[in-house]
Structure formats: C-alpha cells, structure tokens
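Dear colleague,

Please find below the structure I promised to pass on, with notes on what turned up in it.

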Amino acid sequence: MGDEIDLSGDGGVLKQIVRRAKPDAIAPSDDFPVVDVHYEGILAEDGKVFDTTREDNLVFSFELGSGSVIRSWDIALKTMKVGEVAKLTCKPEYAYGSGGSPPDIPPDATLIFEVELVACRPRKGASVGSVSEDRARLEDLKKQREIAAAAKEDDKKKREEAKAAAAARIQAKLDAKKGQGKGKGKGKSK
C-alpha cells in the first residue's frame with residue numbers, strides 16, 4: 001500500500017492507494033463526470049461492514065459534484081483514475097456528521113471505504129463530442145457577446161463624436177451671427 005495522502009488538508013479525508021491505475025488510465029473530468037465504483041464501507045470504530053457492492057458485484061454510479069454522495073467521495077474520486085483501488089478514511093464532517101445515517105451508521109462516525117474506480121463517462125444524454133461542442137458553442141457565444149459589446153461601444157463613441165461635431169457647428173453659426181451683427185444698423189445717419 002502507498003502512503004496516506006491528506007486530500008482535505010485537515011485530516012478529514014485521507015487516501016491510501018491500494019492498487020495503482022495504469023499510467024494511461026482516464027480520470028474523472030468535466031467531460032467524464034459520472035463515475036462507476038465498487039466499494040466496501042466499514043465503521044472505523046468496530047470494523048463492521050455497513051455497505052458493499054462486492055457481494056452482488058454491482059457498481060454504484062453517481063455524478064461527481066452533484067451532492068448525491070458524501071463530501072469525502074466527491075473529494076477523493078476526483079483524484080483517482082480508472083482501475084485504481086484506494087482506502088479512504090473519512091472523518092464525520094466529511095461523511096454523515098453528527099446525525100449519522102441510521103440504523104447502520106451512528107452519529108459522528110469515522111468511515112473507512114475501499115473504493116475501486118471502475119469507469120468514468122459523460123453524463124446521460126451527453127457524449128464527449130457533445131460536451132466539447134457545448135463548450136465550443138459557449139466560447140463562440142462569449143466571443144459574439146464581446147464583439148457586440150465592442151461594436152456597441154464604438155457606436156456610442158461615434159454618436160458622442162457626432163453630437164460634439166453638431167454642437168460645434170451650431171456654436172460656430174451662433175458665433176458667426178454675432179460677428180455679423182456688429183456694426184450693422186448702429187451707425188448714425190447724417
């Protein structure tokens with residue numbers, strides 16, 4: 001087994017690699033947020049197994065970051081690659097907290113999981129291509145908004161320049177009229 005890694009920075013989620021993934025194995029990402037895992041959950045206090053997928057050889061699937069699992073799993077699974085098996089030690093604040101999850105998990109329980117990342121894949125209804133296409137479409141929309149904003153700013157400057165030019169013309173006409181009015185009709189007749 002590998003060294004323990006403190007994933008949370010406060011000792012709340014510890015990871016120890018039991019079996020490394022192959023170097024070219026994929027990891028969960030924005031394109032592959034849905035993970036399939038095998039796991040066995042054990043109470044640290046008494047070593048009792050409270051849940052497992054191994055007996056039925058089923059996988060448990062969930063989307064990372066969706067809030068559907070305990071915080072420690074969201075934190076830990078993001079660091080794993082397909083094929084990796086890790087032992088996770090999860091303090092209560094990263095698991096079920098002071099409420100526990102009756103009847104199997106008592107309040108303030110530290111949990112130990114042996115988790116195997118079996119697969120990661122796109123969310124339902126999305127393919128890697130469509131996720132990438134969505135990103136590209138969003139980038140295009142962002143660029144279009146920036147171009148539109150720049151064009152709007154240019155139009156505003158042109159309007160302001162046109163107003164200033166019109167005001168200058170009007171002022172010039174007024175000044176010219178004032179200049180023509182001097183000396184006209186003010187002289188004395190003989």
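Asp-108 lies in the loop between E6 and E7, where helices (H or I, at least four residues) and strands (E, at least two) are DSSP runs numbered from the N terminus. Although Asp-108 is not a glycine, its phi is positive, at about 55 degrees. Pro-103 also lies in the loop between strand E6 (85-90) and strand E7 (111-121), and a cis peptide bond with an omega of about 5 degrees joins Pro-102 and Pro-103. Most residues other than glycine have a negative phi, and most peptide bonds are trans.

This is a predicted model, in which local features need pLDDT of at least 70 and side-chain atom pairs count only at pLDDT 80 or more, while totals for chains, interfaces and linings use all residues. Residues are numbered from 1 along each chain as its sequence is written, and side-chain values use heavy atoms, with hydrogens and water left out.

Asn-57, in the loop between strand E4 (49-52) and strand E5 (60-63), has a positive phi near 55 degrees without being a glycine. Asn-57 is exposed, with a relative accessible area of 59% (exposed means over 50%, buried under 20%, partly exposed in between; 1.4 Å probe, protein chains only).

As for the whole protein, 28% of its 190 residues count as buried. The protein has 2 helices and 7 strands, which run β-β-β-β-β-α-β-β-α from the N terminus on. Arg-159 has its place in helix H2 (residues 128-181).
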